[in-house]
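The following exercises concern one protein chain. Please study the sequence and the structure before reading each solution.

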Amino acid sequence: GRSTYEVPVFVTDTYTNASYIRSGYLPFNPLLNQTLVSLDTLELYHNLFMRCPWLGIQPFIRALCDLQGIRSKNSLSVQYSSAYDLYIHLVEAVRSKVLDALNRTTPHWRMLNNCPCCQYEVVGEPELPIRMLIAIDGNNSLKRFQRRESPLGDGQELGVEKERPDDRVRGGDYFLQEEQVNLWDESQWFKWPGWTPKEKSPKVPCEDRWSNMNEAKC
């Protein structure tokens, strides 16, 4: 049979899609409304993808089909991809409305308000012998960065990029946009009036032992 679910339509909803979402489902195609996917399934994949970006939609759909005891089809992956994109847009729209209601949309709000308490200084308070303790995450965050092939030659050059180009606008209030980051590139320093760059700092001893401290590999 077809993967179609009959969902009751709420009388108070103007649009059928709104009724589906209220019931916990999202259409694979908002215009046809023939096949639905639960919001719980979309949320599960979203959290898995945030922890492991290499988990593609196709193996995820195949795993769901195995659990249901049905044969996987390529069309399901295409449909799910469309629904997932719609889910991300909805989540971001809701998040933006919440931040706006809380007055947290001013420029640099996250940077100005999300600092840990150990970074606040109170007038007249004695200075601590150890100002801050920092714990490293074991480079787990680096796993979300761009993937490349093995370095070429003597290892001083980056390998060929393995990621598929993605020209979508991202960042929001957490990451800077690409144009903003490029302003800090060394090639742009001459555009800053009244500022002369200092000489580069001496070599850091950790560069010989830690690859992520090697400037040539960053």
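**Exercise 1.** At roughly what angle do the axes of helix α2 and helix α4 cross, and within what distance do they come?

*Solution.* The model is predicted, so local features need pLDDT of at least 70 and side-chain atom pairs count only at pLDDT 80 or more, while totals for chains, interfaces and linings use all residues. Residues are numbered from 1 along each chain as its sequence is written, and side-chain values use heavy atoms, with hydrogens and water left out.

Step 1. Helices (H or I, at least four residues) and strands (E, at least two) are DSSP runs, numbered from the N terminus. Axes are lines fitted to C-alpha atoms, for helices over the stretch in contact, and angles run from 0 to 180 degrees between N-to-C directions.

Step 2. The axes of α2 (residues 39-51) and α4 (residues 74-101) cross at roughly 85 degrees and come within 11 Å. The two helices are therefore roughly perpendicular, a term for angles of 65 to 115 degrees.

**Exercise 2.** Which residues of α2 and α4 meet?

*Solution.* Step 1. Contact means heavy atoms within 4.5 Å. From α2 come Leu39, Thr41, Leu42, Glu43, Tyr45, His46 and Phe49; from α4 come Tyr80, Ala83, Tyr84, Tyr87 and Ile88.

Step 2. Sorted by class, this contact has 9 nonpolar, 2 polar and 1 charged residues. Ala, Val, Leu, Ile, Met, Phe, Trp, Tyr, Cys and Pro count as nonpolar, Asp, Glu, Lys and Arg as charged, and the others, Gly among them, as polar.

**Exercise 3.** How many residues has the largest nonpolar core, and which have the most contacts inside it?

*Solution.* Step 1. A nonpolar core is a set of buried Ala, Val, Leu, Ile, Met, Phe, Trp, Tyr and Cys residues joined through side-chain atoms within 4.5 Å. Buried means under 20% relative accessible area, exposed over 50%, and partly exposed in between (1.4 Å probe, protein chains only).

Step 2. The largest core has 14 residues, and Val37, Leu42, Tyr45, Ile61, Tyr80 and Tyr84 have the most contacts inside it. At least two residues each come from α2, α3 (57-68) and α4, with α4 giving the largest share, 5 residues.

Step 3. Apart from neighbours within four places in sequence, Tyr80 touches several residues, including Phe28, Val37, Ile57 and Phe60.

**Exercise 4.** Is Asn103 buried or exposed?

*Solution.* Step 1. Asn103 lies in the loop between α4 and α5 (109-113).

Step 2. Its relative accessible area is 60%, so Asn103 is exposed. Although not a glycine, Asn103 has a positive phi of about 60 degrees.

Terms used. Angles under 35 degrees count as roughly parallel, over 145 as roughly antiparallel, 65 to 115 as roughly perpendicular and the rest as oblique.
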